[in-house]
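I opened a new model today and kept notes as I went. The entries are in the order in which I looked things up.

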Amino acid sequence: MVLGLAMVPAAPAHAVTEAAATARIHADTNAHRSSNGRAPLVRNAQMDAVAAAWSDVQCNRGEMGHNPRFAQQIPSGWSAAAENVARGYSYDRVVAAWIGSPGHNANLLGSYTHIGIGYCERNGDRYYTQVFARYPGSLPGDGAAGGSAVLAIASNGVLYRYPGTGSGSFGARQQVGVGWGAMSLVTGVGDITGDGYRDVVARDARGRLVLYAGSATGGLSRSAVVGPGWARMNLLIGAGDFTGDGRADLMARDTSGRLWLYAGRGGGQLAGAVQIGVGWGTRTAIVAPGDVNADGHADIVARDTGGRLWLYPGRGDGRFQSARQVGHGWQIFDAIVAPGDFSGDGLPDLLGRTSSGALMLYTSTASGTWRSGGQVGVGWRGFRILGPGAD
């Protein structure tokens with residue numbers, strides 16, 4: 001077991017969500033490994049929770065240091081493990097700093113299979129934790145930590161989770177529930193409970209909104225009724241932190257085409273509805289990929305009846321900026337989902353399903369446009385597919 005070295009520079013940076021920071025760190029780490037002939041590291045939810053908890057400890061203490069118990073806290077069965085920590089660097093430069101330090105770089109390029117990543121920022125002070133380990137095979141929660149995934153409801157009502165590997169492919173699917181055919185609306189909603197795991201909300205046959213809390217294994221651990229009166233809605237959207245307060249939010253479209261925002265309040269609670277748009281009935285798909293234009297705010301992407309794709313940049317206060325067209329020809333897809341950073345480049349992606357059941361990847365650019373990433377799946381006909389919900 002090898003520990004990394006500690007680094008404490010001063011480096012200003014704009015605020016960024018934990019999901020965006022850790023996704024970039026994962027992508028930069030795997031890019032460095034790839035350029036040196038190493039296999040990519042699989043991000044694991046249980047390891048992520050250990051790294052995140054230690055970053056929070058460092059934040060609370062106001063000082064950097066190593067976790068003396070990380071090897072006991074990560075899943076058992078590893079044959080090698082290590083930890084990197086850092087303080088002060090901006091999230092898009094910390095991996096480069098680790099690369100420049102021999103001890104840290106040895107961990108980045110070590111013969112590990114899995115990684116957990118934690119990030120905490122408080123009053124402009126930033127703390128990072130990477131936990132590495134080598135396992136003989138896959139683990140519960142693989143792919144769950146970074147949020148790259150597709151949720152799919154089969155025709156028999158079974159809910160599956162297809163985790164992304166972070167390199168443009170899927171890991172082994174995981175059954176996370178049965179009886180979901182009775183749910184008329186379902187969406188991943190990010191971490192709305194505030195426990196570090198991604199949750200799911202659904203509307204049941206009685207018009208109630210039900211919250212299903214995520215777990216460390218990538219499954220769903222419990223359910224709770226959020227409230228009645230959701231029968232007038234025809235779409236639910238896990239919007240990420242659209243209000244800029246650090247909590248995941250929910251959007252819903254009603255049958256009149258009005259768009260409503262339900263701000264997350266933590267602990268699985270939602271604030272009252274706020275109308276943020278009209279005329280959204282003409283949009284045949286609405287998804288929340290995350291921060292598409294790299295301005296630090298969660299965005300919305302929608303397709304109109306002509307197959308044109310529109311970006312609605314978020315302002316970070318629960319409102320949009322003016323929409324602009326970022327694509328055309330998207331009418332060829334009968335479903336569009338936002339899986340998170342599926343490609344592993346640190347930017348949010350989209351997946352489109354054709355009528356033949358092929359799944360096509362589109363990666364985003366920092367300017368908010370999209371480019372084809374090729375076919376990444378077949379046999380997806382007959383599923384109701386949705387993304388995990390943006391953070």
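Below are my entries on a disulfide, a sheet, a strand pair and one serine.

**Ground rules.** I am working with a predicted model, in which local features need pLDDT of at least 70 and side-chain atom pairs count only at pLDDT 80 or more, while totals for chains, interfaces and linings use all residues. Residues are numbered from 1 along each chain as its sequence is written, and side-chain values use heavy atoms, with hydrogens and water left out.

**Disulfide.** I looked up the general idea: a disulfide is a covalent bond between the sulfur atoms of two cysteines. The working cut-off is a pair of cysteine sulfur atoms within 2.5 Å. I found one disulfide in the structure. It joins Cys59 to Cys120, with an S to S distance of 2.2 Å. The two cysteines lie 61 residues apart and link distant parts of the chain: Cys59 is in helix H2 (residues 45-61) and Cys120 is in strand E4 (residues 114-122). I noted that helices (H or I, at least four residues) and strands (E, at least two) are DSSP runs, numbered from the N terminus. The angle about the S-S bond is -115°, and the link of Cys59 and Cys120 is left-handed. Are Cys59 and Cys120 buried or exposed? Both are buried; the term means under 20% relative accessible area, with exposed over 50% and partly exposed in between (1.4 Å probe, protein chains only).

**Four-strand sheet.** I reminded myself that strands of a sheet pair through backbone hydrogen bonds, either parallel or antiparallel. Two strands count as paired if DSSP finds at least two bridges between them. I traced an open sheet of four strands in the order E13-E14-E15-E18, with antiparallel pairing. Strands E13 (233-240) and E18 (274-277) are its edges, and each pairs on one side only. Strand E15 (residues 259-262) is joined to E18 by three bridges. I also looked up Leu259, whose bridge partner in E18 is Gly277.

**Strands E23 and E24.** I checked how covered strand E23 (residues 333-340) is, and seven of its eight residues are buried. How many bridges does E23 form with strand E24 (residues 349-354)? There are five, and the two strands pair in the antiparallel sense. Phe333 has Thr354 in E24 as its bridge partner.

**Ser34.** I found Ser34 in helix H1 (residues 18-35). Ser34 is exposed, with a relative accessible area of 53%. Ser34 and Ser148 are 114 residues apart in sequence, and I noted 19 Å between them in space, C-alpha to C-alpha.
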